[in-house]
Amino acid sequence: MAQFEEGKKMKNPVENNHSDSVSEFILLGFPCPWEIQILLFSFFFVIYVLTLTGNLCIISAVWWDEYLHTPMYILLANFSFLEIWYVTSTVPNMLANLLSETSTISFYGCFLQFYFFFSMGTTETFFLSAMAFDRYLAICRPLHYSTVMTVQRCIRIGAGCWVCGFSCFLLPVYLISQLPFCGPNTIDHFLCDPGPLMKLSCVPATATEVICAVFNSVLIFSTFLFITSSYTLVIRAVLRVPSAEGRHKAFSTCGSHLAVVSLFYGSIMVMYVSPTAGNPAGIQKIVTLFYSVMTPLFNPLIYSLRNKEMKMALRKLFRIMRFGQKQPFKN
């Protein structure tokens, strides 16, 4: 009987860590006066609407214009669809918390947000790699491009990006969710980020931190090196093109891709590779805001402003929306 009681005492703390002690987290977000929170709500709401509108326009343009039914634009439409859900995984909850006095999120809701946000971020790295590979084939292997990168193979690559992206982060999410959380439960962030979450663990999580750090570094650097290697070969091939018009067209297309890669990878490397863990939480929030909220807004602008075919397709789309589908239009 005494052994049973002793075993019961030893078991209860673990159970409490996962259920009784912490059933929800408090997202501290942006602690500021009410007037400033209203301004932040208005600002992020406008950014969110513009992000949805811009990416939906790209998806619609690719859908309506048969000339854009090519591997490059199919990948771009998938990328825009991903950006919509990427920003939706955090911004609506952040907007609700700005108008709420409690700003709480359930234990399971926190880890669901963690999983979907970082899975879509991982999927984005795979899509950027696929888009870089597509440009490499189109410019460096033009004679083989139509046979290697068919529409069917492009769809399979896109499906592989989605499946791999949502499979990779299962292990980090599982490991962090198994940590004992017995209070406090305040996360000094506007989303469930692994760094602040691990700090709330009742016991040191050194092994989990190392595994997550290695995982992030391998994922970020492997895809980044693949992308930079692809575009290095592309730039070398473009510089050998005798036609100035051909060089301009190639640089215009690849320039938009490189701009998106620089924005995304620059911010996530600052956040997850450089030693920002010792920096103030405010800096981490700003960096996270940049790659999770601002980058999805910039991407449609970059692709539409620097791509002639996309600009023509968007003009066609706006004519369709204005005059109706039966109204004839000219390029």
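**Reading the model together**

Biologist: Let's start with charged pairs. How many salt bridges does the count come to?

Modeller: The count comes to 3 salt bridges, where a salt bridge is a side-chain nitrogen of Lys or Arg within 4 Å of a carboxyl oxygen of Asp or Glu. Before we go on, two bits of housekeeping. This is a predicted model, so local features need pLDDT of at least 70 and side-chain atom pairs count only at pLDDT 80 or more, while totals for chains, interfaces and linings use all residues. Residues are numbered from 1 along each chain as its sequence is written, and side-chain values use heavy atoms, leaving out hydrogens and water.

Biologist: Which residue's side chain meets that of Asp65?

Modeller: That's Lys316, with N to O at 3.3 Å. Asp65 sits in the loop between helix 2 (34–64) and helix 3 (71–88) and Lys316 in helix 13 (residues 308–323), so this pair ties together parts 251 residues apart in sequence. Helices here are DSSP runs of H or I with at least four residues, strands are runs of E with at least two, and both are numbered from the N terminus.

Biologist: Are Asp65 and Lys316 buried or exposed?

Modeller: Both are buried. Buried means under 20% relative accessible area, exposed means over 50%, and partly exposed is in between, using a 1.4 Å probe and protein chains only.

Biologist: And what does Arg135 form a salt bridge with?

Modeller: With Asp134; their closest N and O atoms are 2.8 Å apart. Arg135 and Asp134 are both buried as well. Then there's Asp188 with Lys285, at 2.9 Å from N to O. Asp188 is in the loop between strand 3 (186–187) and helix 9 (194–199), and Lys285 is in helix 12 (residues 281–305), so the pair ties together parts that are 97 residues apart in sequence. Asp188 is partly exposed at 33% relative accessible area, whereas Lys285 is buried at 7%.

Biologist: Now the greasy side. Which residues form a nonpolar patch on the surface?

Modeller: Phe45, Val46, Val49 and Leu50, with about 330 Å² of accessible area together. To join a patch, a residue needs over 30% relative accessible area and no salt bridge; nonpolar side chains (Val, Leu, Ile, Met, Phe, Trp, Tyr) are joined within 5 Å, and like charges within 9 Å. The areas come from the Shrake-Rupley method with a 1.4 Å probe, and for residues only the protein chains shown count as cover. Leu50 belongs to helix 2 and is partly exposed, at 47%.

Biologist: Which residues lie nearest the centre of the largest cavity?

Modeller: Of its 14 lining residues, they are Phe118, Gly121, Thr122, Ile268 and Tyr272. Helix 5 (107–140), helix 10 and helix 11 (244–272) each give two or more residues to the lining, and helix 5 supplies the largest share, 5 residues.

Biologist: Last one: which residue has a positive phi although it is not a glycine?

Modeller: Most residues other than glycine have a negative phi. Ser103 has one of about 55 degrees. Ser103 lies in the loop between helix 4 (91–98) and strand 2 (104–106), and at 11% relative accessibility Ser103 is buried.

Methods: 1 Å grid on protein atoms, 1.4 Å probe; cavity = no way out; pocket = protein on both sides within 12 Å on 5 of 7 lines; lining within 4 Å.
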